[in-house]
Amino acid sequence: FNHQDAQIEFFDLEGNFKRLVPIHYSKSKKWDGVIYLDEKQQRFYTRFNDPKGKVLGTIDLETGELISNTLVKCMFIGKMDVFDGFLYYLE
């Protein structure tokens, strides 16, 4: 993830550039600047601030768009992680 240039960059195991995908979520003022990897399902998520809590969005690696959002109603999140499609967090 290259958030400074607003793109996802893909490389092969030897470090050769393969392709890039533009992203737009990182330009949002509500973006928290956090990326989560669900290692079991190989999905990436990112987090946004919301007046009611936090919003967790799933990143589509083919398009760079957010394909689903989940609102987590909370006052404060100390730690958050995603594993096997389940969201775990400490409030």
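1. Four salt bridges are found in a search of the whole structure, which is a predicted model. One of them pairs D32 with R47, whose closest N and O atoms are 2.6 Å apart.

2. Through shared partners, salt bridges join D32, R47 and K54 into one network.

3. D32 counts as partly exposed because its relative accessibility is 23%. R47 is buried, with a relative accessible area of 12%, and K54 counts as buried at 16% relative accessibility.

4. A further salt bridge brings together the side chains of D84 and K40, at 3.8 Å from N to O. The two residues stand 44 residues apart: D84 is in the loop between β7 (79-83) and β8, whereas K40 is in the loop between β3 and β4. With a relative accessible area of 28%, D84 is partly exposed; K40 is exposed, with a value of 53%.

5. As to the overall architecture, the chain contains eight strands and zero helices. Read from the N terminus, its elements follow the order β-β-β-β-β-β-β-β. The C-alpha trace spans about 45 × 30 × 20 Å along its principal axes. Of the 91 residues in the chain, 32% are buried.

6. The confidence of the prediction should be noted alongside these points. The average pLDDT of the chain is 92, and 100% of the residues score at least 70. Confidence is lowest in strand β8 (residues 86-90), with a mean of 90, and highest in β1, with 95.

7. Three aromatic pairs are found in a search of the whole structure. Among them is the edge-to-face pair of F1 and F44, with 5.1 Å centre to centre and 65° between the planes. This pair links distant parts of the chain: F1 is in the segment before β1 (7-11) and F44 is in strand β4 (residues 43-50), 43 residues apart. F1 is partly exposed, with a relative accessible area of 37%.

8. Y25 and W31 form another of the aromatic pairs, also edge-to-face, at 5.6 Å centre to centre and with 65° between the planes. Y25 and W31 are both buried.

9. An arginine is found over an aromatic ring as well: R19 lies over the face of F10, 4.0 Å from the ring centre.

10. On the surface, F11, F17 and L20 form a nonpolar patch, with about 310 Å² of accessible area together. F17 is located in strand β2 (residues 17-22). Its relative accessibility is 47%, and F17 therefore counts as partly exposed.

11. A last point concerns Q7, which lies in strand β1. Q7 counts as buried because its relative accessibility is 16%. Q7 and P22 are 4.2 Å apart in space, C-alpha to C-alpha, while 15 residues apart in sequence.

Note on methods: Residues are numbered from 1 along each chain as its sequence is written. This is a predicted model: local features need pLDDT of at least 70, side-chain atom pairs count only at pLDDT 80 or more; totals for chains, interfaces and linings use all residues. Side-chain values use heavy atoms; hydrogens and water are left out. Rings of Phe, Tyr and Trp (its six-membered ring) pair if their centres lie within 6.5 Å; planes under 30 degrees apart count as stacked, over 60 as edge-to-face and the rest as tilted. Helices (H or I, at least four residues) and strands (E, at least two) are DSSP runs, numbered from the N terminus. Buried means under 20% relative accessible area, exposed over 50%, partly exposed in between (1.4 Å probe, protein chains only). A charge sits over a ring if NZ of Lys or CZ of Arg is within 6 Å of the ring centre and within 35 degrees of the ring normal. Patches are made of residues with over 30% relative accessible area and no salt bridge: like charges are joined within 9 Å, nonpolar side chains (Val, Leu, Ile, Met, Phe, Trp, Tyr) within 5 Å. Accessible areas come from the Shrake-Rupley method with a 1.4 Å probe; for residues, only the protein chains shown count as cover. pLDDT is the predictor's confidence in each residue, from 0 to 100.
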